[in-house]
Amino acid sequence: MDRANFVPNNANLGLLQGLIEAGLSDTVIGERLGINRSTVWRWRARLDADLPLEDGRRGNSGVHKVSDEQLIGAMGRLEREPFASLELVNCEGNFGVTTKTLSKAIQQRTDIRFRRPAKKPQLRCANEVAWLLYAQQHVGRTPEQWRKTVFMDEKTFSSTKDGRVGVWRPIGSRLDKEYVKETTISGRHSIAFWGCMTGDGMSQLFEVDRTLTSPQYLDILDNWFYPSILEHYPDEDEIFIVEDNSPIHTARVIREWYDEHPHLR
C-alpha cells in the first residue's frame with residue numbers, strides 16, 4: 001500500500017488494530033502497511049486511550065462523491081479520447097461534482113494520470129518497416145564498429161505557437177502511440193545547423209542556410225567534415241557514415257564525393 005493512498009477506512013483501520021494487538025512494533029507495522037511510524041503511533045495512542053479507530057476527516061461520510069459508475073464512464077471517455085479536456089468530460093457526464101473532485105477521484109482510484117504527452121514526428125507505416133529492417137540488418141555490429149560510426153544531419157530550430165497540451169494516460173504508457181501528440185515544424189523565427197556525433201562523442205555545430213543545397217553540403221564535407229574525421233580517426237581503414245535519404249545527401253555530386261573516399265562507408 002502506498003503511503004499517499006492509505007485511507008483510514010474500516011478495513012484498513014481493522015487491519016491496523018489487529019497488527020497493534022498482535023504486539024508488533026510501530027516500525028514493523030509501518031513497513032507492512034506502507035505508512036510512517038508516526039502515523040502508527042498516533043493510532044496506537046487512540047487505541048490506548050480507549051478511543052474508537054474511525055475516519056475522523058471532515059466531510060468524509062465513507063461514500064465517494066464520484067460513484068464507481070460515474071468513474072467508469074469518465075474513464076471510458078478518456079480511453080476513447082485521451083486528449084479530451086476533463087472539464088468537457090465532467091460537463092458531458094453531468095456528474096454533479098466539480099472538475100477538481102473528478103480529477104481527485106481519478107488520481108486516487110485509478111492508474112490514469114494527467115501528463116504532458118511525448119512528441120514525435122508522424123511516421124508512416126512504410127517508414128516503420130524500413131527502420132525495423134535497417135535495425136535488424138545492423139543488430140550484430142560490434143562496439144568497435146559503433147565507435148567509428150558517424151551519425152550526421154541538419155536540424156532547424158523554430159519558434160512555435162503551440163500551447164501546453166496534456167493527456168490522460170495509464171502510468172508507464174508515455175510513448176504508446178495513442179498518447180503521443182504528433183508535431184509539425186512551424187514558426188516565424190528559425191535557425192539551422194549541421195552536426196554529427198560518433199561513438200566517441202559529438203562534434204561542434206556548423207550553422208547552415210535553411211535552404212541548404214548539395215553544393216553547399218559538399219563544401220561542408222570537403223572543408224570541415226573530412227579534415228576533422230581524419231584528425232579524429234587517423235589510422236582507420238573504414239569509417240561508417242549514417243545519413244538520411246534527404247535529396248541533399250543523395251545528390252549525384254555527393255555520391256561521387258563518397259566514391260572518391262571509399263574508406264567512408
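## About the model

This is a predicted model, in which local features need pLDDT of at least 70 and side-chain atom pairs count only at pLDDT 80 or more, while totals for chains, interfaces and linings use all residues. Residues are numbered from 1 along each chain as its sequence is written, and side-chain values use heavy atoms, with hydrogens and water left out.

## Two packed helices

Helix α1 (residues 10-21) and helix α3 (residues 37-48) pack at an angle of about 80 degrees, and their axes are 11 Å apart. The two helices are therefore roughly perpendicular to each other, a term that covers angles of 65 to 115 degrees.

In this packing, L13, L16, Q17, I20 and E21 of α1 meet V40, W43, R44 and L47 of α3, where contact means heavy atoms within 4.5 Å. Sorted by class, the contact has six nonpolar, one polar and two charged residues; Ala, Val, Leu, Ile, Met, Phe, Trp, Tyr, Cys and Pro count as nonpolar, Asp, Glu, Lys and Arg as charged, and the others, Gly among them, as polar.

## Aromatic pairs

The structure holds eight aromatic pairs, and rings of Phe, Tyr and Trp (its six-membered ring) pair if their centres lie within 6.5 Å, with planes under 30 degrees apart called stacked, over 60 edge-to-face and the rest tilted. In one of them, the ring centres of F157 and F193 are 6.2 Å apart and the planes stand at 65 degrees, so the pair is edge-to-face. Because F157 lies in strand β3 (residues 149-158) and F193 in strand β6 (residues 190-198), this pair ties together parts that are 36 residues apart in sequence. F157 is partly exposed, at a relative accessible area of 45%, whereas F193 is buried at 19%; buried means under 20%, exposed over 50%, and partly exposed in between, with a 1.4 Å probe and protein chains only.

The rings of W194 and W224 also form an edge-to-face pair, with centres 5.4 Å apart and planes at 85 degrees. This pair links distant parts of the chain, since W194 is in strand β6 and W224 in helix α9 (residues 214-232), 30 residues apart. W194 is buried at 0% relative accessibility, while W224 is partly exposed at 24%. W194, F206, W224 and F225 form one aromatic cluster.

Notes
Axes are lines fitted to C-alpha atoms, for helices over the stretch in contact, and angles run from 0 to 180 degrees between N-to-C directions. Helices (H or I, at least four residues) and strands (E, at least two) are DSSP runs, numbered from the N terminus. Angles under 35 degrees count as roughly parallel, over 145 as roughly antiparallel, 65 to 115 as roughly perpendicular and the rest as oblique.
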